[in-house]
Amino acid sequence: MRLDVEPLDGTGAIIAPVGRLTLTTAAQLREAVDDLVANGRARLVVDLGRLEFVDSSGLGALVAGLRSARAAGGDLRLANASPQVATVLRLTNLDRVLRVHEDAASALADG
Amino acid sequence: MRGSARRLVVVRVLVVLALIAGVNYVVWRWLDSVAWSAWWIAVPLVLAETYSLVDTALFGVTMWRLRERGEPPPAPDGVTVDVFVTTYDEPEDLVLATAVAAREIRYPHRTWILDDGARPSMRAAAERAGIGYLTRSSSWDGKPRHAKAGNLNNALFQTDGELLLVLDADQVPDPAILDRTVGYFAADERVAVVQTPQYFVNVADADPLGSQAPLFYGPIQQGKDGWNAAFFCGSNAVLRREALMQLGVVGYVRGVTSGVRRALRTAGSVLGRAARSPEAADPALRAALEALRAEADGARRAVAAGEPVADVTYRFQRRVDDASRTIVAGQVETLRAELATLEPELLHGGPLEVDAEIGQLVVDEEALDRLARRDLSPLVAIEAVRRLADAVDVGRSDEAQAVMPMSTISVTEDMATAMRLHALGWRSVYHHEVLAHGLAPEDMPTMLQQRLGWAQGTVQVMLRENPLTLRGLRTGQRLMYLATMWSYLSGFAALAYLAAPVVYLAFGILPVQAFGPDFFVRFLPYFVLNQLLFLVVARGVRTWRGQQYSLALFPVWIRACWTAFANVVLGRPLGFVVTPKTRSGVHRPAWRAVWPQLAAMAVLVVAAVVGVVRLVAFDADPGATVVTLVWVVYDLAVLGVVVPAARYTGLPAPAAPAPVRMVEGRGTEDP
């Protein structure tokens with residue numbers, strides 16, 4: 001899995017995981033989020049558009065990211081999920097907690 | 001017909017016959033044989049007999065699908081496995097011996113010691129032996145620790161194997177343990193757990209403490225396996241990470257939605273009261289409070305309508321933060337003073353309290369109500385709501401990890417985890433081959449503590465997540481969980497079985513109409529068929545020790561039911577003790593630990609003497625007296641097990657691992 005990180009203004013960033021977010025790569029995402037938050041970027045969007053596959057460990061990493069972003073006064077939002085990823089979110093009911101936005105721009109619009 | 005198929009036919013025929021005989025007997029008892037004039041003993045007795053019939057029926061259902069799996073599917077190459085050796089305070093050489101044996105397991109894997117004691121010397125020993133070492137990360141500081149479940153949850157986020165083998169510190173694995181179990185996961189991608197037996201090497205042949213549970217790690221687990229309900233028993237089991245993580249994510253969603261809903265409800269009433277208080281006379285302040293309350297109510301409606309919780313709480317927290325910035329600003333000192341009085345109510349003994357025994361965060365409904373009813377000044381109300389919203393948020397800042405794969409609702413994490421996995425549609429396998437050799441308690445008090453802990457945990461699960469109503473379970477699975485929980489109610493039945501003969505022999509009050517031919521013609525077939533079923537299921541191995549303990553430990557079972565009920569329903573502490581793995585102190589017979597049994601035996605003996613005197617000197621009914629005396633002899637033979645057990649001090653010398661490959665049945669359902 002590759003992680004493309006695009007900083008936004010002073011306090012935000014878009015993270016785009018490319019490939020498979022699974023038990024072997026979940027830690028990579030967790031660390032990336034923690035780094036961003038530690039550097040003052042706590043308004044995060046995870047762009048799922050180029051994610052081929054996500055397992056429950058991957059979802060766990062998203063939740064962990066949400067937690068650290070919230071703890072720092074920010075937020076973590078999801079955008080642009082493929083059908084496979086959307087299905088996994090629905091099966092685990094995670095879509096009851098996290099909304100999947102159309103794209104990064106609408107995810108960033110404050111709610 | 002294959003041997004196992006033939007055996008299954010015999011078992012099923014016996015189950016049907018035993019149940020017909022049992023129903024015939026118990027229905028007759030209710031309709032024709034209860035001595036209603038002595039209802040205070042007659043009704044408990046017939047209830048106890050009904051309890052036992054249900055127990056037989058559940059046992060019969062378990063045996064109906066007895067599944068002998070035989071050779072496991074071959075383990076394919078390339079599966080990544082982590083082996084976890086869990087420890088809290090066991091001696092380091094014991095832990096290390098297990099970990100070194102784990103390192104020598106043939107199938108490629110990584111070995112980790114999960115040291116909840118965080119001992120530097122343990123870490124050094126692990127490093128010298130080339131074994132991984134994990135302790136709790138700093139995120140657990142000041143958070144509920146959730147005992148062994150927490151230890152495993154912590155390790156899950158520091159490792160990344162597809163499968164994990166869980167071993168207690170004193171369960172030494174066979175080098176073949178993964179070769180023999182990994183294949184199940186490859187053969188069926190819905191398999192979440194493979195459990196192997198727990199077998200103890202430090203147990204004398206007579207097994208006075210009833211440590212080996214070969215009826216459970218044998219026919220009972222094989223029967224549950226037939227219903228896809230084989231239990232995960234905490235050690236000697238391989239689990240699929242994906243299944244556990246999914247459990248964690250699903251549990252997270254459930255915890256967050258219910259927690260947020262509750263917090264918003266409380267926030268609404270706290271703010272409503274504050275807006276009506278005389279201190280909110282300032283119209284601007286009152287308007288702000290009202291607006292915030294409308295916000296809380298709106299948020300609650302949005303969650304109920306299915307709007308993603310993260311969006312709702314984010315918005316709500318922003319509003320509360322804004323309000324507290326504008327209203328509270330400039331009055332910080334006043335607020336601080338007021339908060340000092342409220343602080344304990346918010347945190348300690350407040351609505352969000354940590355249960356000391358299991359480290360479980362308990363949302364105390366009563367305290368939430370109290371908080372909601374309190375007249376708070378507007379300032380404090382806003383601050384309280386702000387903290388409430390923070391505490392029960394989608395980030396779950398109340399917990400060390402947002403996602404807790406291993407269930408934390410009970411002191412026995414294993415059963416609850418297995419039940420939730422089954423409810424999510426995962427499968428379990430019981431592989432009947434001894435692949436680890438463990439240590440059993442070596443004295444009576446330790447054994448009693450261990451049994452108490454298991455029983456408490458089981459009853460806790462029953463009360464917190466009733467298997468009869470838990471969504472996602474199939475009927476057979478519900479019955480399998482019910483069967484285990486039901487077996488722990490036997491303590492109450494034992495009271496009736498002990499009291500009834502005493503009441504007759506001592507006072508001549510018969511709880512049944514008569515012990516005539518009507519009784520024998522119904523009771524004897526039931527009794528004989530029941531024993532025959534046990535005999536066939538156990539394949540000739542003694543089941544006597546287990547039968548003894550299921551009755552003789554009645555004080556333990558009753559205490560477990562009562563304390564678990566008080567804990568779950570009344571919110572009292574459980575008084576749970578971690579099972580020590582080595583014996584402690586001097587070995588004196590543990591008479592005090594079994595005083596209720598000794599007292600019951602004394603009463604039975606005295607009653608028997610009185611009964612004989614009444615027979616000889618007065619004209620007591622000879623038939624009833626003889627039957628009751630036989631009954632007393634049976635009770636004494638059952639309770640008698642505690643005498644050698646209390647004197648037992650373990651094996652004289654350390655035993656070499658016994659060359660046992662397959663275990664056979666004996667004992668009750670008492671995992």
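**Conventions.** I number residues from 1 along each chain as its sequence is written, and chains are lettered from A and ligands numbered from 1 in the order in which they are written. As this is a predicted model, local features need pLDDT of at least 70 and side-chain atom pairs count only at pLDDT 80 or more, while totals for chains, interfaces and linings use all residues.

**Chain A.** I looked up the elements (DSSP runs numbered from the N terminus, helices being H or I of at least four residues and strands E of at least two). Chain A has four helices and six strands, in the order β-β-α-β-β-α-β-α-β-α from the N terminus. The C-alpha trace of chain A spans about 35 × 30 × 20 Å along its principal axes. I found that 50% of the 111 residues of chain A count as buried, that is, with 20 or more other C-beta atoms, placed from the backbone, within 10 Å of their own.

**Chain B.** Chain B holds 23 helices and 12 strands. Of its 671 residues, 52% are buried.

**Where the chains meet.** I counted residues as in contact if their C-beta atoms, placed from the backbone, lie within 7 Å. In these terms, 26 residues of chain B touch 24 residues of chain A. On the chain B side, helix H8 (241-276) and helix H10 (309-328) each give two or more residues, and H8(B) gives the most, with 11. I sorted this side of chain B into 13 nonpolar, five polar and eight charged residues; Ala, Val, Leu, Ile, Met, Phe, Trp, Tyr, Cys and Pro count as nonpolar, Asp, Glu, Lys and Arg as charged, and the others, Gly among them, as polar.

**A helix pair in chain B.** I then examined helix H21 (residues 595-617) and helix H22 (residues 622-639) of chain B, which pack at about 160° with axes 10 Å apart. This makes H21(B) roughly antiparallel to H22(B), a term for angles over 145 degrees. Among the residues that meet are Leu604(B) and Ala608(B) of H21(B), and Leu629(B) and Val632(B) of H22(B). I recorded 11 nonpolar, four polar and one charged residue in this contact.

Notes
A residue is buried if 20 or more other C-beta atoms lie within 10 Å of its own, exposed if 12 or fewer, and partly exposed in between; C-beta atoms are placed from the backbone. Two residues are in contact if their C-beta atoms, placed from the backbone, lie within 7 Å. Axes are lines fitted to C-alpha atoms, for helices over the stretch in contact, and angles run from 0 to 180 degrees between N-to-C directions. Angles under 35 degrees count as roughly parallel, over 145 as roughly antiparallel, 65 to 115 as roughly perpendicular and the rest as oblique.
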